[in-house]
Amino acid sequence: MTVLGIDVGGTFTDAVLVGPDGVRTAKVPTARQQEESVVAAARAVGASAVDVERFTHGTTVATNALLERRGARTAFVATEGFEHLLHLRRQDRAHLYRLCAEHPEPLVPLERCHGVRERLVPGGVLTPLDLATLPSPGDVEAIAVCLLHAYDDPTHERAVAEELRRRHPDAHVVASHESAPEIREYERASTTTVDAYLGPVLGGYLRRLRAAGTGAGLPEPLVMRSSGGVVTLDEAAAHAAWALLSGPAAGAVGAALVARRAGYPDAIAFDMGGTSTDVCAIVGGEARRESLRDVGGLPVRLPTIAIHTVGAGGGSIVRRDAGGALRVGPESAGAIPGPACYGRGGTLPTVTDASLLLGRLPAELPGGIALDRDAAAAALGEIDPSAVVEIVNAEMLRALRVVSVEQGLDPRDFALVAFGGAGPLHACALAEELGLASVLVPAAAGVLSALGLAACDERRDAVQPVVAPLDGVGDLPAEGEADLRYVGQSFELTVPLGPDLAARFHDAHEERYGYADRQRTIELVAVRTARVASGPEVALGGRRITVQGPELVTLEGATCWVPEGWAGATDADGTLRLERTR
């Protein structure tokens, strides 16, 4: 079976083609129109010369549209009297100690927030639905519908959505019971609004991709969702919010595959690209998932690989602040013009320029990009390149602690899987700081997200709200997860379903918070399940090498810096296993 995985990043677009002849990779600069980058990467990897049977794709279109506020003109419909839900938010402050800090503006202004007369309560209908009170949302491209208690009984919400689709056939209408059928009104409303807001943007891109791919002789792509599995193009277009972490999720899937094959079920994925760094804990061979995260300051309550992102990448710009202190990122030189050493017109100093001056990059990067040492030196001027690396490492170290120490995990029990174009350059230094003894660098480190796409499962997640005492609930599914809490608590812990669920919740609570009340009643809030179809088996083979630091190792699409005190060799999969020797 010949499979193609293409991941579009902020700086480069990566492709991996896996077939009977082995693994081929390619890396091309990301164009402004992402579908052009996808076709270019497919051609570069040789996909046009073979019969591709499975094509999987990770994209940043939804993420970029939300962060840059380039989504559709959207209206919001709620239960009458709750029209201002998006603006009232929760009562938490934007920043605990900065009283002047403000939350991001809601995606829908007050004038496009509307109410319809109806009211459901857990016991039934309090106020019948009156569709005559449903106002016209005006000239909009998308409409989000979130009525009270629709997670429990979607009857009214379904009727409102159907009426809006009848009245406005060209608008993208999303109802909360279709996207995020869970308790907590504000988070459900925010998620539904994000879903509606991004739908026309992602849908338009995917339709263009379908046309471009067909023209290039590719099959219709499967699209990666944030939960770490792919779905059909039409499913992805219907609910864009599910693809907010499409690209980073693929990297976590690829890292988990590499770690399992290397015999490390517990690892931390460390993906440093040109614009940002993504980190994620892998426990028991699987990337950790979560059900709520903030994206651009907006809560999104959907199943997601638990990735933490910081604005630190190879293209992160180096500057001095008003006080003269050296700062790195979050602004990035991106693919165009890129770091100064790329010779594409960039003049601002970046992390890549510093790495080049320290002798940690070859004279030419994959893709034929010749590096200009003189341009890097001119951009950095009097700035010490070692200081630049120390600062960016400190930022990434904080991110690694967020997904390990702050989650009750001891990083000393984990290996670090380093990938992305810049990840292996910094991995050993970060591992030393965290106390990790092992670093794994995949043979395809520079294109691991694309490899994760090629190997990933098809996955469709579902959630069933319950909100009842655990001991009063009937039979539960054999596989999946349960959101549990002690009665009276406001937040839940997610525990795998199976025998001794209550005892395992107590253990998880003690591990996370340092105590457990084993006599207290447990409440089951929701049950999470997933239908999974396994992806293809993918060979990972690579060349055999042995390294002894200090040494520079060139990989597929990446460069690894092995400092003094580290050494290692590649295994049968081509994964470079580095260990501390001091």
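This is a predicted model: local features need pLDDT of at least 70, side-chain atom pairs count only at pLDDT 80 or more; totals for chains, interfaces and linings use all residues.

Visitor: How many nonpolar, polar and charged residues does the contact of α1 with α6 have?
Guide: The α1 residues Q34, E35, V38 and V39 meet Y205, R208, L209 and A212 of α6. Sorted by class, the contact has 2 charged residues, 1 polar and 5 nonpolar.

Visitor: Are α1 and α6 roughly parallel or perpendicular to each other?
Guide: Helix α1 covers residues 34-44 and α6 covers residues 185-215; their axes lie 9 Å apart, at an angle of about 30°. Angles under 35 degrees count as roughly parallel. The two helices, α1 and α6, are therefore roughly parallel.

Visitor: Now the sheet, please. In what order do its 5 strands run?
Guide: The edge strands, each pairing on one side only, are β7 (124-130) and β9 (172-175). Neighbouring strands are turned by 25° against each other on average, direction ignored. The sheet is open and its pairing is mixed, with the order β7-β6-β5-β8-β9.

Visitor: What stands opposite V145 in β9?
Guide: β8 and β9 pair over 4 bridges, in the parallel sense. Across from V145, the residue in β9 is A175.

Visitor: Which strands of the sheet does α6 touch?
Guide: The direction of α6 makes about 160° with that of β8. Helix α6 packs on the sheet, and the strands touched are β5, β8 and β9.

Visitor: On to another helix pair. Are α8 and α13 roughly parallel or perpendicular to each other?
Guide: Helix α8 holds residues 246-261 and helix α13 residues 448-455; their axes are 7 Å apart and meet at about 80°. Angles of 65 to 115 degrees count as roughly perpendicular. For α8 and α13 the answer is therefore roughly perpendicular.

Visitor: How many charged residues does the contact of α8 with α13 have?
Guide: Among the α8 residues making the contact are G247, A250 and G251, and α13 brings L448, S449, G452, L453 and A455. The contact residues divide into 8 nonpolar and 5 polar, and the charged count is none.

Visitor: Last one: is L484 buried or exposed?
Guide: L484 sits in strand β27, residues 481-486. Leaving aside neighbours within four places in sequence, L484 is in contact with L470, E492, L493, V495, L501, F505, I522, E523 and L524. Buried means under 20% relative accessible area. Because the relative accessibility of L484 is 0%, this residue counts as buried.

Visitor: How far apart in space are L484 and V467?
Guide: Along the sequence the two are 17 residues apart. From C-alpha to C-alpha, L484 and V467 are separated by 9.2 Å.

Technical notes: Residues are numbered from 1 along each chain as its sequence is written. Side-chain values use heavy atoms; hydrogens and water are left out. Axes are lines fitted to C-alpha atoms, for helices over the stretch in contact, and angles run from 0 to 180 degrees between N-to-C directions. Angles under 35 degrees count as roughly parallel, over 145 as roughly antiparallel, 65 to 115 as roughly perpendicular and the rest as oblique. Contact means heavy atoms within 4.5 Å. Ala, Val, Leu, Ile, Met, Phe, Trp, Tyr, Cys and Pro count as nonpolar, Asp, Glu, Lys and Arg as charged, and the others, Gly among them, as polar. Two strands pair if DSSP finds at least two bridges between them. Buried means under 20% relative accessible area, exposed over 50%, partly exposed in between (1.4 Å probe, protein chains only).
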